[in-house]
Number of protein chains: 2
Amino acid sequence: MRISELSRRSRVPVATIKYYLREGLVAPGTLTASTQAQYDETHLDRLRLVRALLGPGGLSIAQARAILGVIDDPQHDTFAALGAAQHAIAAAPPQEDTPRAASVLARAGWQIDPASTEPAQLEAALAGLDDAGFEIPDAVMTAYIRAAEQIAAAELAEAPEDRAAAIRYAVLGTVLTEPVILALRRLAHQQAAARRFGPASDA
Amino acid sequence: MRISELSRRSRVPVATIKYYLREGLVAPGTLTASTQAQYDETHLDRLRLVRALLGPGGLSIAQARAILGVIDDPQHDTFAALGAAQHAIAAAPPQEDTPRAASVLARAGWQIDPASTEPAQLEAALAGLDDAGFEIPDAVMTAYIRAAEQIAAAELAEAPEDRAAAIRYAVLGTVLTEPVILALRRLAHQQAAARRFGPASDA
């Protein structure tokens with residue numbers, strides 16, 4: 001199909017598709033004339049994926065390019081791909097000194113690669129709470145840890161066997177489901193708070 | 001204290017403090033001369049809070065101003081404050097038609113105010129997954145729902161009795177703990193994936 005049809009079917013404007021092509025997020029089409037290229041269903045799929053990563057996924061162009069690189073790279077095994085994907089989208093570089101995160105990890109009983117970026121992310125998040133003078137009660141932190149374990153276990157149990165599918169599942173499942181989890185948590189708040197603080201019910 | 005000391009103790013540059021004052025995020029000091037104002041510990045606390053909301057909390061100036069307005073307003077009861085805070089930081093306006101969210105909420109068995117913003121947030125997140133051709137397996141969605149319920153229940157159980165403290169706890173607890181929950185989930189992934197996909201261990 002030509003770029004105009006690709007635009008119509010993906011609902012992404014032609015100028016935006018050209019931008020993605022220039023940025024290397026979408027592979028070039030097959031040239032059929034010096035100024036005309038043909039695209040196929042793989043381009044359409046990729047375009048939808050790019051739009052999801054940049055939109056609801058909230059990634060920058062550079063982060064999306066790195067994530068797509070991980071998905072496309074046949075060299076990675078699944079575990080290495082997960083690590084590479086985490087690095088690509090990490091808000092914080094790895095740090096040597098993460099005392100707040102270390103204390104939470106010790107409580108969770110998790111063995112975490114000290115060279116990974118996640119403890120630094122947790123440390124930054126906890127430091128932000130300290131700055132605001134906000135303390136997470138112990139029972140709440142325990143609930144967060146147990147909830148994270150249950151989510152990760154359910155996600156891992158459903159991971160596809162096929163290597164390429166597993167990588168796609170792991171990378172997209174991490175990035176794109178974050179807004180789902182946060183929205184569900186706010187909904188659960190509303191549900192729970194209505195019971196406790198809401199107008200008196202029949203009960 | 002003068003603005004220079006406020007800057008030193010908060011580690012926020014003087015120019016940034018002046019910006020927050022102009023934007024109404026921090027209350028003016030007491031004028032002691034035509035060009036000199038005095039600040040106290042309440043200004044220092046507020047400055048730390050603003051920095052946390054704009055930094056780790058990831059809010060815009062407008063969102064932070066709205067959240068601070070909710071915290072400062074003595075008219076709100078706790079439930080109304082929670083709702084107002086959610087509206088202030090919502091990425092999406094309420095929508096009439098949220099079919100994907102409605103299906104998940106029916107499965108969860110939650111009674112949600114249809115005029116609230118949260119179903120629209122969930123709908124947008126789920127639409128993003130559809131765009132990317134990514135489906136959350138049923139068992140995983142169930143794990144998300146149960147995890148959200150457990151988190152909300154633990155947080156509500158620890159809410160302070162005092163009205164002003166409860167509002168601060170609810171509003172800041174929602175915004176500032178989101179990065180903590182997401183970081184813990186990624187750490188739990190690493191912990192679980194190392195077991196399943198990692199290099200062979202002694203076991």
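## Close-up views of a predicted two-chain model

**View 1. A salt bridge joins Glu41(B) and Arg9(B).** In this predicted model, the side chains of Glu41(B) and Arg9(B) meet with N and O 3.0 Å apart. The pair links distant parts of chain B. Glu41(B) sits in helix H3 (residues 41–54), Arg9(B) in helix H1 (residues 3–10), and 32 residues separate them. Glu41(B) has a relative accessibility of 42%, so it counts as partly exposed. Arg9(B) is partly exposed too, with a relative accessible area of 31%.

**View 2. Arg65(B) forms a salt bridge with Glu23(B).** The closest N and O atoms are 2.7 Å apart. This pair also links distant parts of the chain, 42 residues apart. Arg65(B) belongs to helix H4 (residues 61–72) of chain B. Glu23(B) lies in the loop between helix H2 (14–22) and strand E1 (30–33).

**View 3. Chain A meets chain B.** On chain A, 79 residues are in contact with 80 residues of chain B. The two chains bury about 7300 Å² between them. Of that area, 70% is on carbon and sulfur atoms. Polar contacts are also present: 23 residue pairs between chain A and chain B, with both residues at pLDDT 80 or more. Six helices of chain A each supply at least two residues of the side that touches chain B: H3 (41–54), H5 (78–89), H6 (99–108), H7 (118–131), H8 (138–157) and H9 (163–197). Which helix gives the largest share of that side? H9(A) does, with 26 residues. By class, the side of chain A that touches chain B has 49 nonpolar, 16 polar and 14 charged residues.

**View 4. Arg186(A) and Glu178(B) form a salt bridge.** How far apart are the closest N and O atoms of Arg186(A) and Glu178(B)? They are 2.8 Å apart. The pair crosses between chains. Arg186(A) is in helix H9 of chain A, and Glu178(B) is in helix H9 (residues 163–197) of chain B. Arg186(A) is buried, and so is Glu178(B).

**View 5. Asp131(A) pairs with Arg51(B) in a salt bridge.** Here the closest N and O atoms are 3.3 Å apart. How many salt bridges are there between chain A and chain B? The count is 6. Over all chains, a search of the whole structure finds 22.

**View 6. A salt-bridge network in chain A.** Three residues take part: Arg100(A), Glu123(A) and Asp130(A). Salt bridges link them in a network.

**View 7. The rings of Tyr19(B) and Tyr20(B) pair.** A search of the whole structure finds 4 aromatic pairs over all chains. In the pair shown, the ring centres of Tyr19(B) and Tyr20(B) are 6.2 Å apart, and the planes stand at 45°. Why is the pair called tilted? An angle under 30 degrees would be stacked and one over 60 edge-to-face, so 45° is tilted. Tyr19(B) is partly exposed at 33% relative accessibility. Tyr20(B) has 7% relative accessibility; buried means under 20%, so Tyr20(B) counts as buried.

Note on methods
Residues are numbered from 1 along each chain as its sequence is written. Chains are lettered from A and ligands numbered from 1 in the order in which they are written. Side-chain values use heavy atoms; hydrogens and water are left out. Contact means heavy atoms within 4.5 Å. Buried area is the accessible area (1.4 Å probe) that two parts lose on being put together, summed over both. A salt bridge is a side-chain nitrogen of Lys or Arg within 4 Å of a carboxyl oxygen of Asp or Glu. A polar contact is a pair of N or O atoms within 3.5 Å; within protein, one must be able to donate a hydrogen and the other to accept it, and residues adjacent in sequence count only if both atoms are side-chain atoms. Helices (H or I, at least four residues) and strands (E, at least two) are DSSP runs, numbered from the N terminus. Ala, Val, Leu, Ile, Met, Phe, Trp, Tyr, Cys and Pro count as nonpolar, Asp, Glu, Lys and Arg as charged, and the others, Gly among them, as polar. Buried means under 20% relative accessible area, exposed over 50%, partly exposed in between (1.4 Å probe, protein chains only). Rings of Phe, Tyr and Trp (its six-membered ring) pair if their centres lie within 6.5 Å; planes under 30 degrees apart count as stacked, over 60 as edge-to-face and the rest as tilted.
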